[in-house]
Amino acid sequence: MSETLTRETERIRRIWEKQAPRYDRNAALWEKTLFEDGRRWVCSHTHGEVLEVAIGTGLNLAFYPDGVRLTGVDLSPTMLEIARQRGRQFGMKVDLREGDAQGIPLPDESFDTVVCTLALCNIPDDRKAITEMKRVLRPGGRLLLLDHVRAASRLGRAVQRTLEVVMVRLGGEHLLRRPLEHVRAEGFRIEEQERYKLGIIERLVARKPE
Ligand SMILES: C[S@@+](CC[C@H](N)C(=O)[O-])C[C@H]1O[C@@H](n2cnc3c(N)ncnc32)[C@H](O)[C@@H]1O
């Protein structure tokens with residue numbers, strides 16, 4: 001990893017270590033309006049051995065179907081500790097590990113499903129993270145993503161470009177990304193794709209070739 005990427009990744013970790021106690025409360029303010037039933041939708045497509053990349057405080061735990069075996073990775077130990085408490089509350093067994101999405105500390109082809117919600121906007125090298133998600137997926141496995149993305153309209157993108165300057169500096173938050181492009185470039189087959197809220201929210205189901 002380049003020195004710049006390592007430095008940015010460390011900065012993001014520090015940001016989330018500080019944000020962790022407030023994350024659930026802050027998320028509640030905007031996620032119903034913006035993401036609607038996105039978490040439920042993503043989790044309803046999971047099965048078998050599931051890896052959630054950048055699991056945060058585990059806000060998706062409420063939506064996983066019975067029977068999945070869940071592993072979660074995140075940069076921030078404090079976010080993970082909240083996820084651990086949430087797992088206990090739900091009586092769920094979750095294997096939670098500190099790790100970087102840009103170098104997932106797990107073996108090749110070990111998961112049936114990989115999930116990532118509201119995090120590719122924040123991982124410094126989002127393309128590398130998607131390459132890693134592909135590596136840990138079994139052939140024929142599914143990748144499930146939900147995030148805010150580059151707006152569909154020119155006006156929307158102009159607003160995002162202005163806001164992004166501040167948001168990257170404050171929180172490492174990118175507004176002009178489009179993970180779908182990397183997913184396609186990695187050779188996944190797109191099975192379902194929906195874009196809503198003026199095209200700034202996108203969710204998708206993609207399959208790794210057999
Ligand atoms: C906006 S929160 C989203 C948390 C969770 N995915 C959700 O849906 O609520 C972003 C999360 O990404 C994690 N993150 C950022 N960069 C990461 C990286 N390189 N590797 C692993 N986790 C990362 C942060 O620690 C934080 O928990």
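At 34% relative accessibility, Lys-128 counts as partly exposed (buried is under 20% relative accessible area, exposed over 50%, partly exposed in between, with a 1.4 Å probe and protein chains only). The model is predicted: local features need pLDDT of at least 70 and side-chain atom pairs pLDDT 80 or more, while totals for chains, interfaces and linings use all residues. Residues are numbered from 1 along each chain as its sequence is written, and side-chain values use heavy atoms, without hydrogens or water.

Lys-128 forms a salt bridge with Glu-132, and their closest N and O atoms are 3.8 Å apart (a salt bridge is a side-chain nitrogen of Lys or Arg within 4 Å of a carboxyl oxygen of Asp or Glu). The two residues are four places apart in helix α4 (residues 126-136), so about one helical turn separates them (helices, H or I of at least four residues, and strands, E of at least two, are DSSP runs numbered from the N terminus). Glu-132 has a relative accessibility of 7% and counts as buried. Both residues belong to a network of salt bridges that also includes Asp-108 and Arg-135.

The structure holds 25 salt bridges. In one of them, the side chains of Asp-24 and Arg-86 meet at 2.9 Å, N to O. Asp-24 lies in helix α1 and Arg-86 in helix α3 (residues 77-89), so this pair ties together parts that are 62 residues apart in sequence. Asp-24 is partly exposed at 23% relative accessible area, whereas Arg-86 is buried at 17%.

A further salt bridge joins the side chains of Arg-142 and Glu-191, at 3.5 Å, N to O. Arg-142 is in strand β5 (residues 137-148) and Glu-191 is in strand β6 (residues 189-196), so the pair connects parts 49 residues apart in sequence. Arg-142 is buried, with a relative accessible area of 19%, while Glu-191 is partly exposed at 30%.

## A buried lysine without a salt bridge

Lys-208 is located in the segment after β7 (201-207). Lys-208 is buried but has no salt bridge, and the nearest side chain of opposite charge, that of Glu-109, is 4.2 Å away (Lys and Arg count as positive, Asp and Glu as negative; His and the chain ends are not counted).

A polar atom of the Lys-208 side chain lies 2.7 Å from the backbone oxygen of Leu-137. Residues that Lys-208 touches, not counting those up to four places away in sequence, include Glu-109, Lys-134, Arg-135, Leu-137 and Phe-188 (contact means heavy atoms within 4.5 Å).

## Helix α5

Helix α5 (residues 154-171) has 18 residues and reaches 24 Å from its first C-alpha to its last. The helix α5 bends by about 35° at Glu-164 (the bend is the angle between axes fitted to the seven residues ending there and the seven starting there).

The buried residues of α5 are Gly-156, Gln-160, Glu-164 and Gly-171, and they pack against α1 (3-35). Gly-172 follows α5 and has a positive phi, near 65°.

## A buried glycine in a loop

Gly-99 sits in the loop between β3 (94-98) and β4 (111-117). Gly-99 is buried, with a relative accessible area of 13%.

Leaving aside neighbours within four places in sequence, Gly-99 contacts Val-73, Asp-74, Leu-75 and Pro-105. Gly-99 and Pro-77 are 22 residues apart in sequence, and their C-alpha atoms are 9.3 Å apart.

Conventions: Polar contact = N/O pair within 3.5 Å; in protein donor to acceptor, adjacent residues only side chain to side chain. Expected span 1.5 Å × (residues − 1).
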